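Hi everyone, thanks for making time this morning. I'd like to walk you through one structure, so please have a look at it first.

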4 protein chains.
Amino acid sequence: MQLRLAIAGIGNNVSALVQGIHYYRRLLSNGCDPASLPGIRKFRIGEYSVLDIEFVAGFDVDVGKIGLPIEKAILSLPNNYPDLCLDIPPSNCIIREGVWMSNGVIAGRQAVVEELRNARAEVLLYSLPTGLQDMADAYAECALDADTCFVNCTPEVVARNPALLKKFQQRNLCVVGDDLASQMGASVLHRKIIDLLLDRGLRLDSTYQVNLGGNEDFKNLRVRGLTKELSKKNALARVGLDLARVHVIPSGGVVASLADRKVAYLNVAARGWANTPVSIDVKLEVQDSSNAAGVIIDLVRLAAAAKGGGAPGFCSAAADLLKSPPAAVLPTENAGP
Amino acid sequence: MQLRLAIAGIGNNVSALVQGIHYYRRLLSNGCDPASLPGIRKFRIGEYSVLDIEFVAGFDVDVGKIGLPIEKAILSLPNNYPDLCLDIPPSNCIIREGVWMSNGVIAGRQAVVEELRNARAEVLLYSLPTGLQDMADAYAECALDADTCFVNCTPEVVARNPALLKKFQQRNLCVVGDDLASQMGASVLHRKIIDLLLDRGLRLDSTYQVNLGGNEDFKNLRVRGLTKELSKKNALARVGLDLARVHVIPSGGVVASLADRKVAYLNVAARGWANTPVSIDVKLEVQDSSNAAGVIIDLVRLAAAAKGGGAPGFCSAAADLLKSPPAAVLPTENAGP
Amino acid sequence: MQLRLAIAGIGNNVSALVQGIHYYRRLLSNGCDPASLPGIRKFRIGEYSVLDIEFVAGFDVDVGKIGLPIEKAILSLPNNYPDLCLDIPPSNCIIREGVWMSNGVIAGRQAVVEELRNARAEVLLYSLPTGLQDMADAYAECALDADTCFVNCTPEVVARNPALLKKFQQRNLCVVGDDLASQMGASVLHRKIIDLLLDRGLRLDSTYQVNLGGNEDFKNLRVRGLTKELSKKNALARVGLDLARVHVIPSGGVVASLADRKVAYLNVAARGWANTPVSIDVKLEVQDSSNAAGVIIDLVRLAAAAKGGGAPGFCSAAADLLKSPPAAVLPTENAGP
Amino acid sequence: MQLRLAIAGIGNNVSALVQGIHYYRRLLSNGCDPASLPGIRKFRIGEYSVLDIEFVAGFDVDVGKIGLPIEKAILSLPNNYPDLCLDIPPSNCIIREGVWMSNGVIAGRQAVVEELRNARAEVLLYSLPTGLQDMADAYAECALDADTCFVNCTPEVVARNPALLKKFQQRNLCVVGDDLASQMGASVLHRKIIDLLLDRGLRLDSTYQVNLGGNEDFKNLRVRGLTKELSKKNALARVGLDLARVHVIPSGGVVASLADRKVAYLNVAARGWANTPVSIDVKLEVQDSSNAAGVIIDLVRLAAAAKGGGAPGFCSAAADLLKSPPAAVLPTENAGP
């Protein structure tokens, strides 16, 4: 069954999402077994396979992207996710101007609502740069007006806003958020290692994690790193762990040559039997936006499936894939980027 | 309650065990909280705390160790576990000549049995170098004759020998084995990382693990590495993992300067969303024999507690701490050195 | 021959310098061969051995340090160089209040000059935190007034100030500066690796260096990193190297648990024969302030020896140990921290 | 000017050599600047550019390679250098059966000599697997009989055999050998780091190097590693370095998935000022056979140029590119694989 997806914010994550789906389409048309596709947790969620995503609307404020079909807009600078050279067939999904701030007032909402309605979008994916709470609020209202479910990839507060959540519920719509947990990131690996040590009776002396990258996200993080640092430290919290011994640096700096690749260095110093030292050094290198797209593909399908299944409001099956789900819904595991 | 422990094979593992217990004794007498001792999984198992181990007999065939009290014998070459300089008070536990091979015949068993009886040993810990099945058999028979439980740290077949196991059971004795799983080793870390990748939908391209060390064990492993390689690869086995993509080198070579330290290098190459590469490089450095002693301390207490609790035969609570428990007892997790 | 040394700024570098000299004194009194002391480039420079440094005066503005003898002041917070527990014998070198800024005017100069004269200081070592050009100027004038040579460890402009340099020359005094090059730092290692690649015909694709530490210096660097980044990139400059491919992050962030240790991660991606990839990953861990003290010990002796040898002005023999010597004196090799 | 090259042993090194030359040909025909080709030390040596190598004869004993043109033979198993997919135009250089051992007697020499003469080969490159001294001798005699210069890539003794060397000299032929030094290998990097430390006055505590690979060479090395270990340790020798503190493991084991890639792990533990520890960890990953081909391209041109220049015998300009040149010719730097 097709899933009609609209997207606000045509950045690297969307580039990874669009190209990835076409990559898998090609693999399958070449006879690959759906069960053995690399990088996919579940080929099918509810009635939706990975290939069933149909891009029906897109919004951005970058004049270099507006007016382009989505398969071209995703390759426009400053996007620097690699061009996988997939010869994606031309689509009818033309990027439109999204909402914007004009003299302190949100503008352009009506056009977005109409576009969502005309496109009969079932889910709106919110994927703007981090830190724009007003925009997140505005797009959530657009989704409500257009009768569209909402997925929030960012740390902005949407699903955790009880008033908003209630509105989605009342209109029989689903909302998924906030802040996606990376498919395979430094935080989850760091946590697994710390858990292992503590479970085995070792004592943690100290540990640090520093992240480097070259995309727009890293430039932001170098400046507003404190919130992110706390969020990432919380992702490591557990009984028996003194967080004062944990140092997390979300962005150690921008390394332009990394582009959309991300490198994390982890160090763990611990004590084993008879206080003898144990040390672990890790270098993790990943494609930053693939790490997001590999989770987004599940989030949007979970939202649509929940709505189809008559379960409006927050989609609790998504909790494990989020860093900050609504408070009542505690994930069994918090996994960070 | 005191646990009267006898030991066959006074190598690095025993050095770590004896020194570690004295180290913790000192910490506690300095007012440390038993719950926060570094390197201990459980301070108390059954009625036995970590401090309740009393060394009552020791056996070796090295003339440099025979006749010495245990606290001195553990510091004799070729042992190279560090001297923790703990000023261990003199003990009455004098190392005696153990069983040996004379013209293809086992000799010295009777003296060992008598020593075990005189010492009223409750548990005999078997900790000879790997590869001496005849010795393992001989010491197991000694334990049976002396009415002593048996803990086998090595890969030799003892607990997995149904005939032997039955004898221990019939005499209301416990046996724990075979082959201890390290407290914090390369295999368990490697496995956690592979599990994480596969659980998240990534595909493993290839992975390797190479171990370096400087103690006697590493010299043996460089030669007879194949069995160990298979054992370590099995410790990584799981559904969805093609073992042909896994390369494990138990001993990449001897680095004398490492002494009893062990270094493992791990590399994992995988594929995430849209087939983009993920790579993980790990360096793990541990004190090899502390890794054993931190598990031995639990194994001997589990054996004594099981006997005290009237549960003779294999002590199933120990299965998770062993690499090769009897076939009927499948560990929930196999963790290697 | 004794070298009467005064010091402005009693931070970690001075802690390393004072403790190190006492450490070597102890080694030698235990019979060590002067030629085999660890961490010393030259045991003797001119007439001065490493042990000939006599601390005769010290200045700081930290009330926690003023009034203490130097061997105690060096252990006061926020200094966090390790206490090497050397039982340094009590000295008569009491830390005095140095120059300070009062309503935009430098104060306290006259007292400093008198202290330098009373102490008959031959060399004044300037070792304040980076960025205080006014203080560097003030102490240089004090040195001139007190007839004392001057060594500037910091990036402030002193030896490169032609007017100042001329004054030192006219009074038959020596000046050494500016900005010491670490004894064994990330920049020099990075440079050696890049040189090796280019000399062998490989092409550099990209390279980065990120530094982590836990002392006061690192907190400063995270903020004012740009100048330092340029300085460190310049240290790597050479014919055939496109600096746009080089990314240097002087402080990726503060990791408090590192204290005065410094960690640098280096990555080099290059191309060899047939464009096949070559990659190099390095982790370097050093004691940050030992890296400075191991060079300071040479700089102060070079200054005194040059004056004794009748060669006033900039001491050209020090050029290789400095990052920014006067322009006319090009070092054969620029080595950074 | 064309250089007519014959080759004995069509392994990975030759695959890298042949494909690399075609790769550079393509770059140049696309307008690349000869001065900026990646992986080339000198585009022109004497009258020969990198593109001037013409393959005129090839010898092997593998029936899977004999009869194939060289551009196909290089891609036959067990060769596992990557296929660079260059669409090399068909050549007339058909691989012929080389010399072989028949009942302890060398056979096939006459056919090789005739083929060399018919092909008017100027240089014969000897590139068989390590350890076949009889073969090296036989091919050297073939070269003498056919009036061809000789380049020996392997550790076999040819240039160091005074009798052989004299024969080449008498016939106005050049010989280059023995054992090429890699273009960018673990030994040279290891040496640079050790040199840096010692030059700066640090003391080496201990250092190790372990190499991993997946080609045929690594399977050999795991077994006959001792000679190689000594050779590699010698490459690190210098005044002030205690070789007992140096551990080199030429092959830590075979990792099939690496194929022709090679990974080296280096660790250096040293002491700086005040005996504070310095540690360096390096991971180097290279294309093993590109490392050879990037040097072979120079060796064969040096041999031809020396002959053309009327300088028969050992070509001393090649000494720096060799691990074991004739004793009289000491390289200024010994660089290992």
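Predicted model: local features only at pLDDT ≥ 70, side-chain atom pairs only at ≥ 80, totals over all residues.

Residues are numbered from 1 along each chain as its sequence is written, while chains are lettered from A and ligands numbered from 1 in the order in which they are written.

Let's take chain A. It has nine helices and 15 strands; these are DSSP runs numbered from the N terminus, helices being H or I of at least four residues and strands E of at least two. Chain A has a radius of gyration of 20 Å, close to the 20 Å that the globule rule gives for 337 residues, so it is as compact as a globular protein of that length. That radius is taken over C-alpha atoms, and the rule is 2.2 Å times the number of residues to the power 0.38. Along its principal axes, the C-alpha trace of chain A spans about 70 × 45 × 45 Å.

Now, how do chains A and B meet? Each side brings residues to the contact: 40 residues from chain B and 40 residues from chain A. Contact here puts two C-beta atoms, placed from the backbone, within 7 Å. On the chain B side, strand 14 gives the most, with 10 residues. That side divides into 19 nonpolar, 13 polar and eight charged residues. In this count Ala, Val, Leu, Ile, Met, Phe, Trp, Tyr, Cys and Pro are nonpolar, Asp, Glu, Lys and Arg are charged, and the others, Gly among them, are polar.

Please find strand 14, residues 277–287, in chain A: with strand 14 of chain B, it pairs in the antiparallel sense over seven bridges. Pairing takes at least two DSSP bridges between the strands. V282(A) has V282(B) as its bridge partner.

Chain B also touches chain D, with 15 residues of chain B in contact with 15 residues of chain D. Strand 11 (203–213), strand 12 (246–254) and strand 14 of chain B each supply at least two residues there.

Finally, chain C. Its helix 1 (12–29) and helix 9 (288–308) pack at about 65°, with axes 8 Å apart. The axes are lines fitted to C-alpha atoms over the stretch in contact, and angles run from 0 to 180 degrees between N-to-C directions.
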